[in-house]
Amino acid sequence: MPRQYPIERTRDIGIIAHIDAGKTTVSERVLFYTGVSHKIGEVHTGDTVMDWMEQERERGITITAAATTCFWTPTYAKGDKNQEYRINLIDTPGHIDFTVEVKRSMRVLDGAVVIFDGVAGVEPQSETNWRYADEYGVPRMCFINKLDRMGANFEHDLTSIYERLTPNAVPIQWPIGLEDKFEGVIDLLAEKAYHFEGEKGEKIIEIPIPEDYKEIVKKRRHELVEKIAETDDKLLHEYLEGKEPSLDVLKKALRVATLKVQLVPILCGSALKNKGVQLMLDAVIDYLPSPADLLPVKGINPTNHAEEMRKPEDSEPLAALAFKIAADPFVGTLTFFRVYSGVLKRGSYVLNAKKNSQERIGRIVRMFANHREEAEEIYAGDLGAIVGLKDTTTGDSLVDPDHPIILESIKFPEPVISIRIEPKTKADQEKMGIALHRLSDEDPTFRVSGDSETGETIIAGMGELHLEIIVDRMKREFNVGANVGRPQVAYKETIKGKAEAEGKYIRQSGGKGQYGHVRLRVEPLERGKGFEFIDDIKGGVIPQEFIPAIEKGVREALAKGVLAGYQMVDMQVTLYDGSFHEVDSSEIAFKIASAMALQEATKRAKLILLEPVMKVQVITPPDFLGDVTGDLSSRRAKITAMGERGTIKVIDATVPLAEMFGYVTNLRSMSQGRGSYNMEFSHYDEVPSNVALQIIEGKKK
């Protein structure tokens, strides 16, 4: 079947935002206006299409990124079907515990719409998501939502975007009225004003620009044209000579600047009141990239390790990236993928280049949130899902077996919290193992491990809510009851100084003995650098074949720290000397010797404990400010900023995760239920010695 939509008329976009900015409400309007759904779902009534998991509907939050295909003809095309576009839309969660969903979606998106709350402006998770978008170089535009809310302030939102995200954001629309008087938007470039009429705001009526807005439109349009002209030398030259660029020229220049992430257009509206969403879809078409606008994707050829490129064309060899695995109650495992080049066909064999294994493509489906449609093939630049792959996990490359390439994978943050979990009954025992295995395949930030000393199972994740949802999903989707222990913080150990030590492992017992002898040097690396092993052996005092075993011994010893058994990080280990025995030396002897040397060296190098520190934002009415800040200080918090949003006080702080368990209950009782907070992982930092002592003692008990 030939391609229905040329690649230039395809958009792969994500909707990203802080929790509660209205992402899912915007997505629901998009599905309604593009004809995917015939009624508008609402978060507060629990009937949304995009939030289809039971937990999402109960809690009113998004947990998994839902992928949907829809079609849009821009409003200015007056219904001309030859100008219809295919939009692959990913609605991502806003809660920090599900940050994995945002990160993996960013990797496969071409553009993003960042939604802001018209009252709150930029919030902590908006900053994190913005950073992810910067990391992957994703062109984006902003949509300031909820302008009908009490306390909505468009200019305050603009200022918060300039100050906290980018000075290169440019409003291309201006709201008419705010709060309950919000009635439409003005397109600054075209100098036209619009009302939204009809039961669902589906009729867009052009109206004259209100008299009291003419001055502001003139001033803001002048600033906008100037900003656009600055991104294009030829345009700037003409503009300075006094030539007024045409609307078409300005739109083209703004598109180019947006694609290069030189400018970020800002639009406005209220999704709940059905105002502004269709014009936002027009802007997605006008300013966000098609897959053809992007540079060829880079990857490494696994056979010769050379860098290779794949252009976004159907005629190129196949290169696709699996970005999400989902357990589907009806079809089993679904692997979501993005095709960067070539065509993925049903019934073909592809190579999983990362694992060097073949996979057969059985069924391919296109997703419409939780409905699906069978597809024969998926072309370059498109997204889809494959049913029932065996070996493929998140971040794997599915490629043409004759032209292998490994695409850049996705890096995920390490879990910061863990809990012990046990099955409720004997019958749950076996099912629990299967359920945990399936859930950890799906979510790379969720880890399962066994404690060899106690024989217990430990699950680790990004936060209390993350693990709570996992346990809830085990019960609902896999019918497994489980008891959980108290949350534990994922501490780590590191060193502050340099030290050297030797490790000797010699065993003689009639016949062949064991002999391993190494000298190691350890020194600290900067925070977050992990571990580095340096082989500095000169003159073959230890033969080359034993070096990998020595490194393995060091790595295994790092997993179980000396102070309290926590993983050791941020250090460089140099193997600089040792000796071997012609007959008795073996890999196992060197592995044991290197583990002994590492333990000895770290003991001499001033071991310290590290703890995860969270970035916390607390929002409280002014009457409770003193109590809230006092309570934060008692939790070892460092307050970094205090501000206000209208009449509400906002406190930014960094607080050790260990001090934040159960904080929500405390905050509610302190603020008569009116305070709220959100937190996300910031960094690892040294634990004060008095606290470290308690942790080490507790661990020994």
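Just after H13, Lys-606 adopts a positive phi of about 60 degrees. The model is predicted. Helix H13 itself covers residues 587-604, which is 18 residues. From first C-alpha to last it reaches 26 Å, close to the 26 Å expected at 1.5 Å a residue.

Which residues of H13 are buried? They are Ala-589, Phe-590, Ala-593, Ser-594, Ala-597, Leu-598, Ala-601 and Thr-602. An α-helix has 3.6 residues a turn, so residues three or four places apart point the same way. The cover over the buried residues of H13 includes strands E30 (492-495), E31 (499-507) and E32 (514-524). Helix H12 (547-559), strand E34 (571-579) and strand E35 (607-620) are also part of that cover.

## Other positive phi values

Asn-479 is not a glycine, yet its phi is positive, about 60 degrees. It sits in the loop between helix H11 (464-478) and strand E28 (482-484). Asn-479 counts as exposed because its relative accessible area is 55%, over the 50% cut-off.

Arg-636 is another residue other than glycine with a positive phi, near 65 degrees. Its loop runs between helix H14 (625-634) and strand E36 (638-645). Arg-636 is partly exposed, with a relative accessible area of 25%.

Arg-636 is also one of the contacts of Thr-654. Thr-654 lies in strand E37 (residues 648-656). Is Thr-654 buried or exposed? At a relative accessible area of 18%, Thr-654 is buried, since the cut-off is under 20%.

## Helix H6

Helix H6 spans residues 214-229, 16 residues in total. At 1.5 Å a residue it should span 22 Å, and its end C-alpha atoms are 22 Å apart, so the two agree.

The buried residues of H6 are Val-217, Arg-220, Arg-221, Leu-224, Val-225, Ile-228 and Ala-229. Two arginines, Arg-220 and Arg-221, are on that list. Helices H5 (154-164), H7 (233-240) and H8 (247-259) are among the elements covering these residues. Strands E6 (169-171), E7 (173-176) and E8 (184-187) are among them too.

## Nonpolar cores

How many residues does the largest nonpolar core have? It has 98. Inside it, Val-113, Phe-116, Ile-161 and Ile-228 have the most contacts. Helix H9 (residues 277-287) gives the most to this core, with 8 residues. Apart from it lies another core of 44 residues, among them Ile-459, Tyr-566, Leu-609 and Met-660. In soluble globular proteins, nonpolar side chains tend to be buried together.

Ile-228 also belongs to the buried residues of H6. Val-113, beyond its neighbours within four places in sequence, contacts Ile-13, Gly-14, Ile-15, Ile-16, Met-141, Phe-143, Met-280, Val-284 and Leu-288.

## Buried single sites

Ser-397 lies in strand E23 (residues 397-399). It counts as buried because its relative accessibility is 0%. Its side chain reaches the backbone nitrogen of Leu-407 at 2.9 Å. Not counting residues up to four places away in sequence, Ser-397 touches Ala-320, Leu-321, Leu-351, Asn-352, Ala-353, Lys-354, Ile-405, Ile-406 and Leu-407.

Val-416 is in the loop between strand E24 (406-407) and strand E25 (417-423). Val-416 is buried, at a relative accessible area of 0%. Val-489 is 73 residues from Val-416 in sequence, but 6.3 Å away in space, C-alpha to C-alpha. Leaving aside neighbours within four places in sequence, Val-416 contacts Gly-461, Met-462, Gln-488, Val-489, Ala-490, Pro-612, Leu-657 and Phe-681. Cys-142 is buried at 0%, and Cys-268 is buried at 0%. The disulfide count is 0.

## Whole chain and confidence

The protein chain has 701 residues, of which 55% count as buried. There are 16 helices and 38 strands. Among contacts between residues at least 6 apart in sequence, 72% join residues at least 24 apart.

Mean pLDDT of the chain is 84, and 89% of residues reach 70 or more. Where is confidence lowest? Helix H2 (residues 54-59) has that place, at a mean of 40, whereas strand E11 (residues 264-268) is highest, at 95. Over residues 39-65 pLDDT stays under 50. For that stretch the model has 92 contacts beyond four places in sequence.

Technical notes: Residues are numbered from 1 along each chain as its sequence is written. This is a predicted model: local features need pLDDT of at least 70, side-chain atom pairs count only at pLDDT 80 or more; totals for chains, interfaces and linings use all residues. Side-chain values use heavy atoms; hydrogens and water are left out. Helices (H or I, at least four residues) and strands (E, at least two) are DSSP runs, numbered from the N terminus. Buried means under 20% relative accessible area, exposed over 50%, partly exposed in between (1.4 Å probe, protein chains only). A polar contact is a pair of N or O atoms within 3.5 Å; within protein, one must be able to donate a hydrogen and the other to accept it, and residues adjacent in sequence count only if both atoms are side-chain atoms. Contact means heavy atoms within 4.5 Å. The expected span of a helix is 1.5 Å times one less than its number of residues. pLDDT is the predictor's confidence in each residue, from 0 to 100. A disulfide is a pair of cysteine sulfur atoms within 2.5 Å. A nonpolar core is a set of buried Ala, Val, Leu, Ile, Met, Phe, Trp, Tyr and Cys residues joined through side-chain atoms within 4.5 Å.
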